[in-house]
Amino acid sequence: MKNIEKYIIICLAMLLIVACQDDEYDAPDTVSDVTWYTSVPPGDEFLRATGGFISFLDASQGDISHEWTIEEGNHFLKTGFNDKDFLPDFIDSSKGLVTDDKAVHVLFMKEGKSTICLKNIFDEKVVYQTVDGPIEATQVGDKWVFEKCFEVEVIAEEIKPAFRILQDGIEILRVGEDDEIDIKDKDTWPTIDVEVNKTLTFIDLSKVGIPNARTWRINGGVPETSNDSIAEIAFLNFGTTVNLGRIESRRDEPLPTKTNWKYIPLNVSVVSSSEPFEVISEINEDETEKISFQVAGIIDPASLAGQNGNFTVNVNNTDAGFNQDIAVQAIEINSVDESILELTLADPIYNSDVVTISYSGGGIQSTDERPLEDFGPITVNMYTTNVLSKDIFGAEGVTGTRGGVQGFWAQHSEWFDTGGRSEEQAASGNASFKWSTPDWDTMSGGNHNFQGSGDGQFVADPGTYEMSLKVYLPSGSDMQAVRTVLQTPWTPVTWSFDGIAKDTWVTLTKTVNITTHTFMWLQMNRSDNPGISGAQTMYIDDIELAPIELRP
């Protein structure tokens, strides 16, 4: 309120300065002008929650009469209140719906669209200029009537959460906006059975108060929290019975902020699954050489004793002449997710190895006593570390240089005029490198370079690396190859597009040797693309360079 009063005082002061000019200024006998100020910052919406207010100041000059009019259900306020006051206590009932005060504070208590109108009468025509065109006074008899109405969207102050819950697509619970839920009644709430690793679907139906965000807080759920309007929540803890939790409905900025929550009047009993206890993820190596995978339920830790020998881990490295089984030294359950099993091997493995894992005849089981299904051999995804910057070699970083990609400079127009950094396609992030020509036959030059420079310098220890990139060829494009040129020394690497699918991202990989290289260029070489014509386009993204660990 203090800020609003200061704003209005400033406006009045400006008018006073205009009125108090030096006598040397010969002002006209009368000045007719129309203008106003509000406490809504320019560009912001006229939006309030019920119980909120807006201040209006008529700063017009030369009017012979003036009035503000509001609608039934809203009120003019007396002055002297602050942000912490209960505003209905300041309603000025003497004013009703019309006042001739120049400055007014309007309290909004009616939901929906509310109109506040300014009406001034002048002896001469006045015009108010807006970005949408002029607003002109209308002649009525020998007077001129100017009217301006402000439309305010008024939303409910209180948020009333509402939701429904589905199990296997069937509604099992619906709570409306006016339903009152008391946690004291939780012992009377219904209980439903949910199988281990099965889900319930939570659907936010909240409308009252125009909430624009929510958080589900689900006891025993995976995940335990979700901000999705439709959330799929699984339950893994066999043998537990829990109250589901609650929904928090929020109205976040730019709307007037507010939060309310409501309990979910339902208990869940997690029962044994009818589904097999099996591997449900890829098998991955991490940076510590642990091998991990997820299974369809919580693992019973007591069942892991003596199970090492039921795993077969084969390691094959043709270049090193190595092909052996390596023993599993330890089996653990992930400390964060109890459905993830982690294996530590007795000997080192390298990302140049091909590692497969099998399991057979063991006694590992879930907490609901389902035995782990035999599997394998399944190939392990080996851990690699990309040494190149995602922002630079994924075309995410923006610069003002030719081509628009941080760390690169486009030598030819196909990389910066018709191409360059493009958000038309992206394998990840928001952008990719684009090369394009409207006419292959008339374009100039044999090599088109997008040169690495400045921030594009990378640091990679000498050695053998797996290099990869992703390419997207749209329908109609006949491009056959692109080059990455490592420098220095000048080391071109040609990437063939032979046989790749169109209109989708395709990952290509090669093995390269890094010596003193610190920069990389992208190059379209005409000789790599024989026999094509017409318009041609290609997109490149996610260039990566990962060191290969050679087995000694």
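Strands here are DSSP runs of E with at least two residues, numbered from the N terminus. Welcome to a predicted model, in which local features need pLDDT of at least 70 and side-chain atom pairs count only at pLDDT 80 or more, while totals for chains, interfaces and linings use all residues. Residues are numbered from 1 along each chain as its sequence is written, and side-chain values use heavy atoms, leaving out hydrogens and water.

**View 1. W68 sits in strand β4.** This strand covers residues 65-69. W68 is buried (under 20% relative accessible area, with a 1.4 Å probe and protein chains only), and its own value is 0%. Its side chain reaches the backbone oxygen of K102 at 3.2 Å, and a polar atom of that side chain lies 3.3 Å from the backbone oxygen of D101. Look also for K119: its C-alpha atom is 6.5 Å from that of W68, although the two residues are 51 apart along the chain.

**View 2. Here is the largest nonpolar core, with 39 residues.** Such a core is a set of buried Ala, Val, Leu, Ile, Met, Phe, Trp, Tyr and Cys residues joined through side-chain atoms within 4.5 Å. Among the members that touch the most others are F433, V471 and F497. Leaving aside residues up to four places away in sequence, V471 has contacts (heavy atoms within 4.5 Å) that include I500, W505 and Y539. A second, separate core of 26 residues includes I291 and F293.

**View 3. Four strands form an open sheet in the order β26-β25-β29-β30.** The pairing (at least two DSSP bridges between two strands) is antiparallel. β26 (322-326) and β30 (375-379) stand at the edges, each with a single partner strand, so one side of each has no neighbour in the sheet.

Methods. Buried means under 20% relative accessible area, exposed over 50%, partly exposed in between (1.4 Å probe, protein chains only). A polar contact is a pair of N or O atoms within 3.5 Å; within protein, one must be able to donate a hydrogen and the other to accept it, and residues adjacent in sequence count only if both atoms are side-chain atoms.
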